[in-house]
Each structure stands twice: as C-alpha cells, then as structure tokens.
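The sequence and structure come first, followed by the computed values.

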Amino acid sequence: MTRSSLRPFLGVALVVLPAVALSQGAPRDVWGGVYTAAQAQRGAALYASTCASCHGDALGGNDQAPPLAGGGFRANWTGQTAAALFTRIKTTMPLDNPNSLGAAKVADIEALILSRNGFPAGQAELPADPGALDAIAITQDKPGA
Ligand code: HEC
C-alpha cells in the first residue's frame, strides 16, 4: 500500500478508537476519576474570577450564595448527574450573568467543584458535553465504602 491509500484508514482509526475506549472504560460515578488535576486547576482560575465573589474563595458560600463544597452541597446533589450540575451552572450562573460561560469553561469549573468535594482526579477530562456527563452519577458516598 502506498502512503496515500493508508491515510483514510488511519483517519477512521483515530476517530473511532478513542470513542470506543471512552464508552467501555467510562466511570459511572464521580468516584471513578472523571476529571484531571490540570482541568481542576484551570477551573480554579475561572472560579476565582467568576464565582468566588459570591460563593467564597474556598467555596464555602456567603450570606446569600450557598456553599459549593462540603456535606450540604454533596447531599443536595447526590442522586443527580454531572450533567445536571453542568446545566445548572451553565444556564443560571454566574447569577449576575448567566449563560456567559462556554461549555469548556463550565466543565473546568465543575472539575474544580468535584475536586474540592473530595472526588478523585483521573486520567480523562470531564467532558464539556451534557450527553456524556449524563452517564456520570453524583453519589456522596463512595460505592462499597
Ligand atoms: C452574583 C452572585 C453569584 C455569582 C457570581 C455566582 N453565583 Fe452561584 N449562586 C448564587 C446564589 C444567590 C445561589 C442560590 C440561588 C440561586 O440558585 O439562584 C447560587 C447557586 C449556585 C449553585 C446551586 C448550589 C446548590 O447546591 O444547589 C451552583 C452549583 C452555583 N451557584 C455555581 C456557581 C458557579 C460555578 C459560579 C461561577 C461561574 C457562580 N455560581 C457564580 C450567587 C452567585
């Protein structure tokens, strides 16, 4: 085979293989390592500039805005999906300018929130896609623990 006849096959392999790997190895809940440490770090910078004024530097909330970390937050969100939290942030926050953050930024901020709630980082980034996030459950207790 010549180089040019190989190229279409390579293209297909590059697109299909990651999709297969994701669907087979996808964690089912937030205990499975659903974001990366680097992503949470990006989220921290975004959080500081767009959320901290109301929710506090350490995600502890203030008089008006609820905490985004801690037992109360985890209890609020347990049984829901990472997609629900994503959509809540994207469509209602920041309260004074909702829908102003792109999907990638919202995913980065959600990664930060997960990390500050004690859910572990992993090898793959939290997807900026509600369809994929719908497969990730938020459970406050570690399964089997
Ligand atoms: C101007 C103040 C303000 C800013 C800025 C702000 N929020 Fe909020 N947020 C609130 C208030 C007040 C509530 C509760 C009332 C409501 O939901 O509208 C809230 C609620 C929330 C909730 C729901 C919490 C729960 O447990 O139900 C989430 C999640 C959230 N905010 C995330 C964010 C994120 C992420 C940012 C930054 C992108 C942000 N907020 C920026 C004021 C703010």
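## Surface and basis

Accessible areas come from the Shrake-Rupley method with a 1.4 Å probe, and for residues only the protein chains shown count as cover. On this basis the accessible surface of the protein is about 8,400 Å², with 59% of it belonging to carbon and sulfur atoms.

The model is predicted: local features need pLDDT of at least 70, side-chain atom pairs count only at pLDDT 80 or more, and totals for chains, interfaces and linings use all residues. Residues are numbered from 1 along each chain as its sequence is written, and side-chain values use heavy atoms, with hydrogens and water left out.

## Fold

The protein has seven helices and zero strands (DSSP runs numbered from the N terminus: helices are H or I of at least four residues, strands E of at least two). Buried residues (under 20% relative accessible area; exposed is over 50%, partly exposed in between; 1.4 Å probe, protein chains only) make up 30% of the 145 residues.

Of the contacts (heavy atoms within 4.5 Å) with a separation of 6 or more, 69% are between residues 24 or more positions apart.

## Pocket

A pocket is an open set of points on a 1 Å grid over the protein atoms alone, with protein on both sides within 12 Å along at least five of seven lines; a cavity is a set where a 1.4 Å probe fits but cannot get out, and lining residues have an atom within 4 Å of a point. Points are joined across faces, edges and corners, and a volume is the space filled by probe spheres set on them.

The largest pocket has a volume of about 490 Å³. Its lining has 23 residues, of which His55, Ala65, Pro66, Leu68 and Met93 are the closest to the centre. Two or more lining residues come from each of α3 (52-55), α4, α5 (82-92) and α6. By class, the lining of this pocket holds 15 nonpolar, six polar and two charged residues (nonpolar: Ala, Val, Leu, Ile, Met, Phe, Trp, Tyr, Cys and Pro; charged: Asp, Glu, Lys and Arg; polar: the others, Gly among them).

## Cavity

There is one cavity of 30 Å³ or more, and the largest cavity has a volume of about 40 Å³. Residues lining the largest cavity include Phe73, Trp77, Ile113 and Asn117. α4 (71-77) and α6 (103-116) each supply at least two lining residues, and α4 gives the most, with three.

## Thr36

Thr36 sits in the loop between α1 (3-25) and α2 (37-50). Thr36 counts as buried because its relative accessibility is 11%. Leaving aside neighbours within four places in sequence, Thr36 is in contact with Ala121, Gly122, Gln123, Ala124 and Glu125.
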